[in-house]
Amino acid sequence: MNKIEEILSHYSAENPGIRAKIWQILNHGALSGTGHLLIYPIDQGFEHGPDCSFQMNEPAYDPHYHFDLAASSGFSAFSAPVGFLESIANSQNFGKIPLILKINSANSLFNGKNPRQVVTSTLQKALQLGCIGIGITIYPGSSYFDEMISEIKDLIFEAKNAGLLVMIWSYPRGEKLKSEDETALDVVAYAAHIAALLGAHIIKIKPPSEKIFDNKNIEMKKIEDLQERIKHVIKSAFAGRRMMVFSGGKSKFKDDLIKEIQAIKDGGGTGSIVGRNVFQRNAEDAKFLIESIVDVYKK
Ligand code: FBP
C-alpha cells in the first residue's frame, strides 16, 4: 500500500465525493503523491486586519498576488473567505489549485477574553466556486464554544453530504487560558481530539510547546523534543487516522521555520499551512522559502 492509499484507507467510511477530494488534494502541487500537504491560508486580513497582515509586503494587499503565488509555487490547496475567493475568480489560475472556502471568521476589533467565530458564507457558495472543501475555526476554551458548535454542526453534516472536505482549525482560546497555555501540549492534544470528534477530515493546529497546562490532573512528563510532541498530538486525534497540518504562525527566520517543519515531518505530521511566513516576505524570498519547505517534506 502506498502512502496515499494508506491515508485513504482511514477515510474508507466516507462517501465517494469526499474520498475523491482527499485524493485530489494529496495529488496536487509540488508535494503530489508524497502523502504530505502544504496549504496557503489567507484569512489573516479578517483575523488581524489588513495592515497588520500586509504592510510588510505591499503587493500582498492584492488578492491576486496571493492566489498567483500559491498557484505557481506548488501548494496543495488555497484557503480564503468568500469575498477573497470571489475576487480572484477571474484569475487565469482559477481552477488550477484546489480551493477551501474558509466559512467562518473572527476579527480583532474587540478585546473580550472569549473569542467566537461567525459563519460568513454558505455551502452553496463553496460549490459554486468549485471548492473541494470548507474550513472552519473552533475555539475550545471559549465560553462561546457551545454556541459555535451549534452553529457549525449542520454545516459539517451538509458539507459531507455534498461530498466536500471538512478542515477544522482548532485553536484553544478563552478566559481560562493564558496565551502560553494555548499551545501547551495537553491543550493542543485536546483541541486536536475535539476536531476529530467533530468530524474533521483535516485538522489544523499549532505546534505544541513543552508546557503541560493541567499538570495537577494529568500525569505527563515534559517532552523536550518537538518531534515527540508532534507524535503525541497526532496520536491524540484517532491514533493518526486523521490528516493533521500545523500552522506556520507569525513570521520568523527561515532557518527556525524549517527546523520546526523538519520536526513536524519527522513526528509524522501530514504537512503545513503557512500564510504570514510566506506573504510577509517579498515574492522572491517567499518562493525560496516554499521550495525549502517542499524539500523537507519530499526528502
Ligand atoms: P499563519 O501561517 O499566518 O499563522 O496562518 C495560519 C492561520 O491559522 C490563519 O488561517 C489565521 O488567520 C491565523 O493563522 C490566525 O493567527 P493567530 O493564531 O495569530 O490568531
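Predicted model: local features only at pLDDT ≥ 70, side-chain atom pairs only at ≥ 80, totals over all residues.

Visitor: How many aromatic pairs does a search of the whole structure find?

Guide: The search of the whole structure gives eight aromatic pairs. One of them joins Tyr40 and Phe75, whose ring centres are 5.1 Å apart and whose planes stand at 80°; planes over 60 degrees apart count as edge-to-face, so this pair is edge-to-face.

Visitor: Where in the chain do Tyr40 and Phe75 lie?

Guide: Tyr40 belongs to strand β1 (residues 37–41), while Phe75 sits in the loop between α5 (63–72) and β2 (77–80), and the pair links these distant parts of the chain, 35 residues apart.

Visitor: Is Tyr40 buried or exposed?

Guide: Tyr40 counts as buried because its relative accessibility is 0%, and Phe75, with a relative accessible area of 1%, is buried too.

Visitor: What kind of aromatic pair do Tyr40 and Phe78 form?

Guide: Tyr40 and Phe78 form a stacked pair, with 5.6 Å from centre to centre and 25° between the planes. Tyr40 is in strand β1 and Phe78 is in strand β2, so this pair ties together parts that lie 38 residues apart in sequence.

Visitor: Which residues do ring pairs link into a cluster?

Guide: The cluster linked by ring pairs consists of Tyr40, Phe54, Tyr61, Phe67, Phe75, Phe78, Phe84, Phe94 and Phe279.

Conventions
Residues numbered from 1 in each chain as written. Heavy atoms only, no water. Phe/Tyr/Trp six-rings, centres within 6.5 Å; stacked < 30°, edge-to-face > 60°. Helix = DSSP H or I, 4+ residues; strand = E, 2+ residues; numbered from the N terminus. Buried < 20%, exposed > 50% of the residue type's maximum accessible area, 1.4 Å probe, protein only.
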